[in-house]
Amino acid sequence: MRYPRLEFKTGNLLVILPPNCKNEAPLLEEKKAWILEKHRLIKESLERAGEEFRLLGEPFHLRPSGDGGVSLDFEKREVACDPSNERHLQRLREILREELRKRILEKVGELGKITGLLPSRIYIRRQRSKWASCSSSGNLSFNLRMIALPPRLIDYVVLHELLHLKYPRHNREFWGRVEEFFPDYREMEKELLRYWFSTARGGAWLFDPKASPSDAPSPRSPCSTNP
Ligand SMILES: [Zn+2]
C-alpha cells in the first residue's frame with residue numbers, strides 16, 4: 001500500500017498514514033485544496049440528490065403490481081412491483097442485472113476490439129462502496145447500482161475498468177488513455193459522485209446489499225398525488 005493516502009469513503013474523509021507517522025496535520029495542510037474541493041462536490045451532490053428512483057438516468061414510477069407479478073417498462077418508465085415482498089425485489093434485481101449485463105457485454109466487446117483488452121470474468125454484484133473494480137487476476141466487478149446511471153456513464157465506467165486491466169493505477173498514463181475515449185472524463189467522474197449520493201437515497205431499497213424490504217418505499221398508484 002502506498003502511504004499516505006486520502007480517500008473520501010461514502011462522504012467521510014479517510015486518512016491512511018504510514019505506521020511511524022504520528023501527526024496527520026502537515027499532510028492535511030498540504031492537501032487542503034483537494035480536501036475542500038472534494039468536500040464541496042460531495043455537499044453539492046447531497047443537496048442536489050433527490051429521492052427519486054432512477055434507472056438509466058431517468059426517474060421511474062413505482063406502481064403496485066396488480067396481478068402480483070413484477071414488470072418493468074422502460075418506455076413508460078414504470079416499475080410494477082411490491083417492494084415489501086422480498087421475492088419481488090429479487091425478481092426485479094434479476095431483470096435489472098440482465099439488462100446491465102447486456103449493456104456491459106456489448107460495450108466490453110466493442111471496446112475490446114479497439115483496445116485489445118478483455119476481462120477474464122465479469123461479475124455484477126450489489127456493492128456498498130464502489131461502482132466497479134478490477135482484480136489483479138483480470139476480473140471486472142460491476143455494481144448492480146450502475147443500472148441507475150445514464151447510458152453514457154455506464155459506458156464510461158466500463159471503459160475505466162477495462163483500462164485498469166492494463167493500467168492498474170490512476171496515473172498519468174491511465175488518464176491519458178481514458179481521455180482518448182472520454183475527453184470530458186473529469187465531468188464524468190463528478191457525475192458519478194453525484195449519482196452515488198442520489199442512488200443511495202432513491203435506490204437503496206433495491207441496490208443496497210443491507211437493505212431490507214421494510215426500507216422500501218410504498219408504491220403509489222398512478223392516479224394518487226402526494227401521500
Ligand atoms: Zn479506477
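## Terms and model

Buried means under 20% relative accessible area; exposed means over 50%, and partly exposed lies in between (1.4 Å probe, protein chains only). Helices (H or I, at least four residues) and strands (E, at least two) are DSSP runs, numbered from the N terminus.

This is a predicted model: local features need pLDDT of at least 70, side-chain atom pairs count only at pLDDT 80 or more, and totals for chains, interfaces and linings use all residues. Residues are numbered from 1 along each chain as its sequence is written, and side-chain values use heavy atoms, with hydrogens and water left out.

## The chain overall

The chain holds seven helices and ten strands. Of its 227 residues, 38% are buried. Contact means heavy atoms within 4.5 Å. Among contacts with a separation of 6 or more, 53% join residues 24 or more positions apart.

## Helix 4: an enclosed element

Helix 4 covers residues 151-164. Eleven of its 14 residues are buried, so the rest of the structure largely encloses it. The buried residues are Leu-153, Ile-154, Tyr-156, Val-157, Val-158, Leu-159, His-160, Glu-161, Leu-162, Leu-163 and His-164. Their cover includes helix 3, strand 9 (132-134), strand 10 (140-143), helix 5 and helix 6.

The expected span of a helix is 1.5 Å times one less than its number of residues. For helix 4 that gives 20 Å, and its end C-alpha atoms are 20 Å apart, which agrees.

Axes are lines fitted to C-alpha atoms, for helices over the stretch in contact; angles run from 0 to 180 degrees between N-to-C directions. Angles under 35 degrees count as roughly parallel, over 145 as roughly antiparallel, 65 to 115 as roughly perpendicular and the rest as oblique. A crossing is left-handed if the near helix is turned anticlockwise from the far one by less than a right angle, and right-handed if clockwise.

Helix 3 (residues 86-115) and helix 4 have axes that come within 10 Å and cross at roughly 50°. The two are therefore oblique, and their crossing is right-handed. Residues that meet here include Leu-100, Ile-104 and Leu-111 of helix 3, and Ile-154, Val-158 and Leu-162 of helix 4.

Helix 5 packs against helix 4 at about 145°, with the axes 10 Å apart. This crossing is also right-handed. Tyr-156, Leu-159, His-160, Leu-163 and His-164 of helix 4 make the contact with Phe-174, Trp-175, Arg-177, Val-178 and Phe-181 of helix 5.

The axes of helix 4 and helix 6 come within 10 Å and cross at roughly 110°. That makes the pair roughly perpendicular. Helix 4 contributes Arg-152, Leu-153, Tyr-156, Val-157 and His-160; helix 6 contributes residues including Tyr-185, Met-188 and Tyr-195.

## The zinc site

Three histidines coordinate the zinc ion at 2.0 Å: His-160, His-164 and His-170, each through NE2. Donors are N, O and S atoms within 2.8 Å of the metal (3.2 Å for Na, K and Ca); water is not among the atoms, so sites may look incomplete. The donors are spaced H-x3-H-x5-H along the chain. His-160 lies in helix 4 and His-170 in the loop between helix 4 and helix 5 (172-181), so the pair ties together parts ten residues apart in sequence. His-160 has 8% relative accessibility, so it counts as buried.

## Helix 6 and Thr-199

Helix 6 has 18 residues and reaches 25 Å from its first C-alpha to its last, close to the 26 Å expected. Its buried residues include Leu-192, Leu-193, Trp-196 and Phe-197.

Thr-199 sits in helix 6 (residues 185-202). At 5% relative accessibility, Thr-199 counts as buried. Beyond its neighbours within four places in sequence, Thr-199 contacts Trp-131, Arg-145, Ala-148 and Ala-204.
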